[in-house]
Amino acid sequence: MNVPRIKNEEYKRKTVVRNTGVLLAFSVLLILSFVVSMNTGYSKLSPMDTLRTLFGGGTVKEELILFGFRLPRIVISMLIGAGLALSGCIIQGVTRNPLADPGLLGINAGAGLIVILFVLFFGAQSFLSVFTLPFLALLGAGAAALAIYALAYKRQSGIAPLRLILTGVAVQAGVSALTTVLVVKLDEMQFDFVASWQAGSIWGSNWRFVLALLPWLLVLVPYVLTKARALDVLSLGDDIACGLGASVERERRRLLIAAVALAASCVAVSGSISFVGLIAPHLARRLVGPRHRVLLPACALAGAVLVSVSDTVARVIIQPSELPTGIMVAIIGAPYFLYLLIKSRQ
Amino acid sequence: MTKHINEPARPVQEIQTGERESRAWAAWLIIVLGLGLLVLAMAFSITKGAAEIPLKTVWDALFHFNPEDTHHLIIMDLRLPRVVASALVGAAFAVAGAVMQGVTRNPMADSGLMGLNAGAGFVLSICFAFFPGLSYIQLILFSFLGSAMGAGLTYGIASLRRGGATPMRLVLAGAAVGALLAALSQGIALYFDVAQSIMFWTAGGVAASSWAQLRIMAPWIAAALLGAVVLSRSVSVMSLGDDVAKGLGLNTMLVKALCAAVVLMLAGASVAVVGAVGFVGLIVPHLARFLVGVDYRWIIPSSAVLGSLLVVLADLGARTLNPPFETPLGAVIALVGVPFFLYLARRERRVL
């Protein structure tokens with residue numbers, strides 16, 4: 001937006017240096033949070049114990065704690081953070097609305113409704129829940145997204161961003177209304193389960209979920225990264241994008257499908273953590289600027305750092321109990337974002 | 001008016017500049033007809049409930065009140081305050097939403113975006129967790145204070161930077177402050193195990209309205225509604241964008257601050273009494289804009305009337321859908337509003 005007053009060449013060089021710096025800083029933070037997170041938790045393991053266990057010298061109990069509980073959870077939280085952040089970045093780019101997040105595509109609402117229905121019929125402690133629930137949540141998220149797409153689609157104009165936003169808001173509100181009606185019927189235990197799901201407790205922390213989530217991300221993340229140019233063009237607006245020769249409708253459809261798949265697979269295992277998808281793109285944009293070639297990776301890293309740090313804090317802050325990660329994400333992410341908002345010029 | 005909307009193969013434009021004219025006659029029609037309908041709906045709503053009361057008794061209760069008659073007591077103590085509260089709250093949310101959408105130029109904006117609902121929720125969760133013995137009126141006051149705090153934080157942070165609260169900054173600050181306060185209240189609620197009682201409070205309802213509440217809330221809402229009508233001209237100018245508004249000689253800083261105050265009074269008072277039924281604030285302005293065009297001098301009064309009507313009818317539905325239980329008001333509003341809103345979204349008109 002702002003025309004730089006510095007000479008072009010120098011400006012370019014400075015941008016490259018700054019962007020590399022930001023990406024490096026996020027990577028270092030990510031590694032740091034990985035290390036710290038490995039050493040924190042309810043059971044005390046000294047850093048030496050952790051190191052020893054990591055290289056195969058630990059007792060059975062230590063191995064269980066590290067490989068059975070902590071590592072999968074750390075990995076999951078990073079994957080979720082990256083996935084949701086990328087998804088949010090795509091949606092904000094495509095709709096050109098700063099308030100858009102994966103929830104706009106009905107993902108959280110759809111998954112939430114299914115979770116409530118499931119809990120209502122089978123109970124919160126059901127043996128089935130651990131493995132069926134993510135799958136059902138995925139279906140619910142997909143169905144809601146599909147409904148929004150179908151309702152916002154018109155033959156002659158495809159998916160206009162504004163129509164997508166309005167439809168998304170409406171479907172989200174409708175599904176949440178149904179949810180409210182159902183929530184009133186829950187007993188206390190069921191309500192607690194649903195409340196903590198909605199607050200985003202990463203409960204699917206187990207290698208199987210890592211394995212279930214990983215293929216999605218391995219396919220989708222590189223795909224999205226190759227679409228950086230298309231996103232740049234789309235975020236200029238339909239008319240300009242069209243004038244620049246982009247096949248607007250097709251690119252938009254592909255990107256939206258990728259965004260839905262990313263967010264839905266993450267929400268299925270994490271519960272409703274929508275704030276990452278809203279805030280990580282803004283954080284990244286304020287640090288590296290609006291060009292998606294840098295923005296997308298920065299966004300993924302920011303999301304991963306945010307969720308993994310939040311998850312670590314959420315696990316230790318009220319021991320022996322723990323806070324849903326989604327809450328911690330907002331408590332840590334929002335102040336930092338507000339700080340950036342006050343500080344940055346644009 | 002409808003001629004060029006259905007033209008096939010016309011590229012979608014977000015802003016159809018050909019739609020600038022407003023329809024004053026439509027606005028007058030809505031206001032006059034809507035007020036008539038509102039009175040009818042309120043009267044009808046008073047007759048419905050656990051005890052069916054004929055319309056004539058309602059009339060008598062209003063104008064020849066007899067404290068010996070149970071029906072008269074039901075009407076005066078339970079039903080009348082409830083409909084009046086519904087009408088006020090509906091108008092308040094709708095007008096607050098209209099002002100927010102006009103000033104921020106974002107079709108997703110409503111009063112929740114000023115951090116009002118989240119602020120109220122935050123203070124409520126603290127009240128429920130630490131001071132469980134508070135009376136109803138005290139809770140309402142605290143809830144209003146919470147809204148004010150949320151709005152103050154949002155507006156303060158948005159205008160800290162030189163250049164003041166640009167719409168973009170306001171929207172982003174609102175989203176972040178809202179998320180932060182909501183997260184804190186969720187955390188408190190889960191930790192102190194008060195989530196369910198808060199949920200019942202915030203799900204929204206006018207069931208427990210009393211004259212005492214109305215006496216606190218009505219003057220604020222009435223004053224703020226008047227304020228919104230006075231500001232409506234400036235809101236129209238603001239909706240053209242900050243730069244244009246400044247170019248036209250509008251003191252945008254002042255208008256934004258006044259608008260924020262109006263929204264706080266309207267939505268803060270309403271949220272305190274009925275909880276978050278925010279969807280009214282989102283859909284009614286879109287509906288009004290669809291009917292009367294883009295001039296906020298017409299949108300704001302029409303929104304007030306339509307919002308009242310919607311909430312009065314929705315409350316009637318909430319009481320009669322599943323007797324003797326009450327369906328949450330917010331849910332009924334969404335069930336009525338969503339299909340209609342989807343229809344609006346498919347019609348391509350200028351939406352801001």
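**Labels and their cut-offs**

Mentor: Let's begin with Phe192(B), which counts as partly exposed at 35% relative accessibility. This is a predicted model, where local features need pLDDT of at least 70, side-chain atom pairs count only at pLDDT 80 or more, and totals for chains, interfaces and linings use all residues. Residues are numbered from 1 along each chain as its sequence is written, chains are lettered from A and ligands numbered from 1 in the order in which they are written, and side-chain values use heavy atoms, with hydrogens and water left out.

Trainee: Why is Phe192(B) called partly exposed?

Mentor: Buried means under 20% relative accessible area, exposed means over 50%, and partly exposed is in between (1.4 Å probe, protein chains only). Phe192(B) has 35%, so the label is partly exposed. Tyr191(B), at 48%, is partly exposed as well.

Trainee: What makes Tyr191(B) and Phe192(B) an edge-to-face pair?

Mentor: Rings of Phe, Tyr and Trp (its six-membered ring) pair if their centres lie within 6.5 Å; planes under 30 degrees apart count as stacked, over 60 as edge-to-face and the rest as tilted. Tyr191(B) and Phe192(B) are 5.1 Å apart centre to centre, with 90° between the planes, so they pass both tests for an edge-to-face pair. Together with Phe130(B), they form one aromatic cluster.

Trainee: How many aromatic pairs does the structure hold over all chains?

Mentor: There are eight. Among them, Tyr149(A) and Tyr153(A) are stacked, at 6.0 Å centre to centre and 20° between the planes.

Trainee: Why are Asp311(A) and Arg315(A) separated by about one helical turn?

Mentor: Because they are four residues apart in helix H13 of chain A. Helices (H or I, at least four residues) and strands (E, at least two) are DSSP runs, numbered from the N terminus. In chain B, Asp60(B) and Lys56(B) are likewise four residues apart, in helix H2 (residues 55-63), and their side chains meet in a salt bridge of 3.3 Å.

Trainee: Is Lys56(B) buried or exposed?

Mentor: Lys56(B) is at 59% relative accessibility, so it counts as exposed. Asp60(B), at 21%, counts as partly exposed.

Trainee: And how many helices and strands does chain B have?

Mentor: Chain B comes to 13 helices and zero strands. Buried residues make up 58% of its 352 residues.

Trainee: What makes Arg96(A) worth a look?

Mentor: Arg96(A) has a positive phi of about 55° although it is not a glycine. Arg96(A) is found in the loop between helix H3 (60-95) and helix H4 (107-122) of chain A. In chain B, Arg105(B) also has a positive phi, near 55°, and is found in the loop between helix H3 (70-104) and helix H4 (116-130).

Methods. Salt bridge = Lys/Arg side-chain N within 4 Å of Asp/Glu carboxyl O.
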